[in-house]
Amino acid sequence: MTEGELKHDINKLIEELRFVVKSEKDIKDIIPVLDSIVNVSKSSIGEATEFTVDDVFLTLLHHESKEIIAKTAKAIAEIAKSEKGREKCTNIDLVNTLLNLLKEDRVDVLTQTSRALGNICYENENGKKFVEDKDGLMSILGVLEKSVALKDVEGAPFLRNVAAGLLLNFLIDRPSLYSKALEHEMVPIICSILETDGSVGGEAAMHALSVLRILDDFAVFLDERLIKILVNILTTDTSLELFEMCLEVLHGQAEDEKAKSLLAKAGVCELLLKLLEKHSPYCTDEDTRSVLKIACNLIVLVLTGDDSMNTLYDDSNGVVYKKLVEWLDSEDRDLQVTAVLAMGNFARTDAHCKLMVSKGVHCNLLKLLRGNNTDTGDLIFQHALLSALRNLVIPADNKPIILKDGLINVLYSMLDIPSYPVVFKLLGTLRIVIDGQSEAATELGKKDGLMKKVVEWCEVEEHPGVQGEANRLIAWLINNSRSKEVVLLVIQYGGVKHLVKMLMAPHVLMQNEALISLKILIKICLTECENLKVDTEENQSSGEDQPNQKTSMLQHILSIVDNITNSDALKEHPGKNELLQLLEEANQIKDPTLNEKLQNLRDKLALLNIEDK
């Protein structure tokens, strides 16, 4: 074989290496062969390549020359970059020898050894296990500490890069090691790397941030030092990828309430607002727009915390709050959606809601919804707008103001929207805004097609939330309007059976709402009720020979009420007074059987009231 052919055959090169080592050749004879192995390994190792990584490498890793040791580790690193080569290097003796070399002080030895171990650990469970069994985590952290201490010494930045890469490859998919890594000050070490290399955007910083990302779901490690470091990177014109990774680390940590407060107090949201305003006009491709959305989502996530939200609201004087109100008029839809979501989060206390409405924030939201209240509108935007308006109409003082500014007409135009999450918010907003507003409840209940649509939503099995809100809206329309026209529409479109079903709801609150609405319904439309029939599910499963029975609505209600009076929940709930009042007002019914049942129920409820006293 010629010298040229030899240089391109990994197996032959390893044979040559054995020969020069066995012959005790000089260093100058060994180094060229190791260099050739490095070069060949970069391109010539494929699945079909046959070679053996044997004791010759172990021998050289114990060589008296540090240069030879570094060159040997470099050769192993290059071989292990390929899957086939990695398999050949997954040898317990080789791994143990490399780990021992991490105790050295020479930068070139530490660098190439870290490279070799990092490549062996890459997507290689056996290799990781060998490292773990030798307590390799502590050795790796030790090398990282050395690399930080070396600062700007020649070769130190590259050592930090490869050592951080080794740590990343080793920790991926090994959650059993995360606690130990955190206990041994891994995060402060990572912080030191980021302080040194973060502002220059090097690969060491990328690896360090990747390590933090894999720990995001495992622990909360965010502190003031790390926030300061990440903010510094964000304010530096580094790579888009590094910027995105910083945001992802912060986003992962911001799931924790304390972390939200730290971010709010550290001015992270103010910084993001400035950066977004500055760069959003240039975020025109998919990658940059994706990063913009992560930043927007982080702002909204921070606002979901109570303490952090109050910090940023600051009695409506907060810089973040004011800027987000401005963004309601932004021409950038992503910034606008962020602002709307933020308003929903700021509107989590009555005091905030009242102040926001007094300053006309609801008018901005209504304006936006008017332009997006059809079935062709942006569903995400609609959901966000309805969420914010729903919160704002909760305080009693806000209801007449927002109603006067046209809320019902805006929402009425949304009845044909097919998205159940949007419908859920729509129904909830309508229900809450009519509470205590008789005129608005009557107006809404009588609107053409509304009752029919709400009754249809009562039967939506795919989304229990929509079903529940539709049931409750019917009850609240009756309870707040007390209008015969509204009640007749409920009867006409088959809404009564859904009120009856509400009596069996698992929540006492919903039972009570149903009882009150049925009391009003019977009182206002007693004649119509006596002839009303509803389906009952009783006895349907007891045999096929029993036909589906039809009972009068009142008969069915009395049977259900009888069951409810036996529940422990009722004994502790003031709703039983509504039951008693309902039964006492139902004494005009001309049916001996029903009257007897009524009297029995009156006596039972009266006894419960006496026991309370």
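Contact means heavy atoms within 4.5 Å. The term is used throughout these legends, which describe a predicted model.

Figure 1. Asn119 counts as buried because its relative accessibility is 18%, and buried means under 20%.

**Figure 2. Asp108, also in helix H8****.** Helix H8 holds Asp108 as well. This residue has a relative accessible area of 30%, so Asp108 is partly exposed. Lys66 is 42 residues away along the chain from Asp108. The C-alpha atoms of Asp108 and Lys66 are separated by 8.6 Å.

**Figure 3. The aromatic cluster of Tyr313, Tyr321 and Phe346****.** The structure holds four aromatic pairs. One of them joins Tyr313 and Tyr321 in an edge-to-face arrangement. Their ring centres are 4.8 Å apart, with 70° between the planes. Both tyrosines, Tyr313 and Tyr321, are buried. Tyr313 also pairs with Phe346, and this pair is tilted. Here the figures are 5.7 Å centre to centre and 40° between the planes. The pair of Tyr313 and Phe346 links distant parts of the chain, 33 residues apart. Tyr313 belongs to helix H20 (residues 306-313), and Phe346 to helix H22 (residues 333-346). Tyr313 and Phe346 are both buried. Together, Tyr313, Tyr321 and Phe346 make up one aromatic cluster.

**Figure 4. Two charges over rings: Arg333 on Phe381** **and Lys447 on Tyr412****.** Arg333 lies over the face of Phe381. The distance from the ring centre is 4.1 Å.

**Figure 5. The largest pocket and its lining****.** The volume of the largest pocket is about 400 Å³. Its lining is made of 20 residues. Leu240, Phe243, Leu275, His279 and Val291 lie nearest the pocket centre. Helix H16 (240-253), helix H18 (268-279) and helix H19 (286-303) are the elements that give two or more residues to the lining. H18 gives the most, with five residues. By residue type, the lining divides into 11 nonpolar, seven polar and two charged.

**Figure 6. Glu331 in the loop between helices H21 and H22****.** Glu331 is found in the loop that runs between helix H21 (319-327) and H22. Its relative accessible area is 84%, so Glu331 is exposed; the cut-off for exposed is over 50%. Pro281 is 50 residues from Glu331 in sequence. In space, Glu331 and Pro281 are 9.9 Å apart, C-alpha to C-alpha.

**Figure 7. The whole chain, as context for the close-ups.** The protein chain has 39 helices and two strands. It has 613 residues, of which 54% count as buried. Take the contacts in the chain with a separation of 6 or more: residues 24 or more positions apart account for 71% of them.

Note on methods. Residues are numbered from 1 along each chain as its sequence is written. This is a predicted model: local features need pLDDT of at least 70, side-chain atom pairs count only at pLDDT 80 or more; totals for chains, interfaces and linings use all residues. Side-chain values use heavy atoms; hydrogens and water are left out. Rings of Phe, Tyr and Trp (its six-membered ring) pair if their centres lie within 6.5 Å; planes under 30 degrees apart count as stacked, over 60 as edge-to-face and the rest as tilted. Buried means under 20% relative accessible area, exposed over 50%, partly exposed in between (1.4 Å probe, protein chains only). Helices (H or I, at least four residues) and strands (E, at least two) are DSSP runs, numbered from the N terminus. A charge sits over a ring if NZ of Lys or CZ of Arg is within 6 Å of the ring centre and within 35 degrees of the ring normal. On a 1 Å grid over the protein atoms alone, a cavity is a set of points where a 1.4 Å probe fits but cannot get out, and a pocket is an open set with protein on both sides within 12 Å along at least five of seven lines; lining residues have an atom within 4 Å of a point. Grid points are joined across faces, edges and corners, and a volume is the space filled by probe spheres set on the points. Ala, Val, Leu, Ile, Met, Phe, Trp, Tyr, Cys and Pro count as nonpolar, Asp, Glu, Lys and Arg as charged, and the others, Gly among them, as polar.
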